[in-house]
Amino acid sequence: MSVIADIVIVALLLLGAGFALIGSWGLVRLPTTMERLHGPTKATTLGLGALLIASVVYFQARLGIWTAHELLISLFLFITAPISANMIAKVHLHRARTGAANEPVGIAGPPPRPGEKGDWATFEAPKRETPASTANS
């Protein structure tokens, strides 16, 4: 293997391991669900992406073959992580609105209520005049 390939592989491995460590640490140490979402969806996804790209570079430099498995895994992670985080956040905001979520106030403070700093769609109660509202019955 060439020295440049070794340097690229080591740099990607260190970058990926660093992001994965920071994301995992954020998942464990942050107090609320909304704050915990950022660790695995942002940092850990980038870390795993860097580790998988390091694997692609390694196999190309060592065996001379291109592997698409790692790129497909990275693509899958980059597509599914934001979607799952959005779903978790919506459920958490709905539970907070209905009073079912009992969490301490986090570092970022409580989420804004309707009318404060703009409205959040999951915090708004359905209006009685709307045709799709379940509050009409």
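This is a predicted model: local features need pLDDT of at least 70, side-chain atom pairs count only at pLDDT 80 or more; totals for chains, interfaces and linings use all residues.
T41 is a buried residue, its relative accessible area being 15%, and this places T41 under the 20% limit that defines burial. The side chain of T41 reaches back to the backbone oxygen of L37, at a distance of 2.5 Å. Once residues up to four places away in sequence are set aside, T41 touches A81 and A85, and both of these alanines are listed among the residues that helix 4 brings to its contact with helix 3.

The chain holds four helices and zero strands, and the order of its elements, read from the N terminus, is α-α-α-α. Of its 137 residues, 26% count as buried. Among the contacts in the chain with a separation of 6 or more, 60% are accounted for by residues 24 or more positions apart.

Two packed helices are described by the angle between their axes and the distance between the axes. For helix 3 and helix 4, the latter covering residues 69–98, the axes come within 9 Å and cross at roughly 175 degrees. Angles over 145 degrees count as roughly antiparallel, and helix 3 and helix 4 are therefore roughly antiparallel to each other. On the side of helix 3, the contact is made by T41, T45, L46, L48, G49, L52, S55, V56 and F59, while helix 4 supplies E70, L71, I73, S74, L77, F78, A81 and A85. Sorted by class, this contact of helix 3 with helix 4 has eleven nonpolar, five polar and one charged residues.

Helix 3 also packs against helix 1, which runs over residues 3–29, and here the axes come within 7 Å and cross at roughly 160 degrees. Helix 1 and helix 3 are therefore roughly antiparallel to each other, and their crossing is left-handed. By class, the contact of helix 1 with helix 3 has 20 nonpolar, six polar and no charged residues.

Individual residues of helix 3 give this second pairing more detail. L51 has its place in helix 3 and is partly exposed, with a relative accessible area of 26%. When its neighbours within four places in sequence are left aside, L51 is in contact with L12, L13, G16 and A17. The C-alpha atom of L51 is separated by 9.8 Å from that of F19, a residue 32 positions apart from L51 along the chain.

V57, likewise placed in helix 3, counts as partly exposed at 22% relative accessibility. Apart from neighbours within four places in sequence, V57 is in contact with A5, V8, I9 and L12, and L12 is also one of the residues that L51 contacts. Between V57 and D6, which are 51 residues apart in sequence, the C-alpha to C-alpha distance is 9.1 Å.

Q60 is another residue that lies in helix 3, and it is partly exposed, with a relative accessible area of 25%. The C-alpha atoms of Q60 and A5 are separated by 9.3 Å, although the two residues are 55 positions apart along the chain. With neighbours within four places in sequence again left aside, Q60 is in contact with I65 and W66, whereas A5 is listed among the contacts of V57.

Helix 2 remains to be considered. This element covers residues 33–36 and includes T33. Leaving aside neighbours within four places in sequence, T33 is in contact with I88, H92 and E103. T33 and L93 are 60 residues apart in sequence, and their C-alpha atoms are 9.8 Å apart in space.

Taken together, these descriptions lead back to helix 3, which is roughly antiparallel to helix 1 and also roughly antiparallel to helix 4. T41, the buried residue of the opening, takes part in the contact of helix 3 with helix 4, while the partly exposed L51 makes contacts that include L12 and L13.

Definitions and conventions. Residues are numbered from 1 along each chain as its sequence is written. Side-chain values use heavy atoms; hydrogens and water are left out. Buried means under 20% relative accessible area, exposed over 50%, partly exposed in between (1.4 Å probe, protein chains only). A polar contact is a pair of N or O atoms within 3.5 Å; within protein, one must be able to donate a hydrogen and the other to accept it, and residues adjacent in sequence count only if both atoms are side-chain atoms. Contact means heavy atoms within 4.5 Å. Axes are lines fitted to C-alpha atoms, for helices over the stretch in contact, and angles run from 0 to 180 degrees between N-to-C directions. Helices (H or I, at least four residues) and strands (E, at least two) are DSSP runs, numbered from the N terminus. Angles under 35 degrees count as roughly parallel, over 145 as roughly antiparallel, 65 to 115 as roughly perpendicular and the rest as oblique. A crossing is left-handed if the near helix is turned anticlockwise from the far one by less than a right angle, and right-handed if clockwise. Ala, Val, Leu, Ile, Met, Phe, Trp, Tyr, Cys and Pro count as nonpolar, Asp, Glu, Lys and Arg as charged, and the others, Gly among them, as polar.
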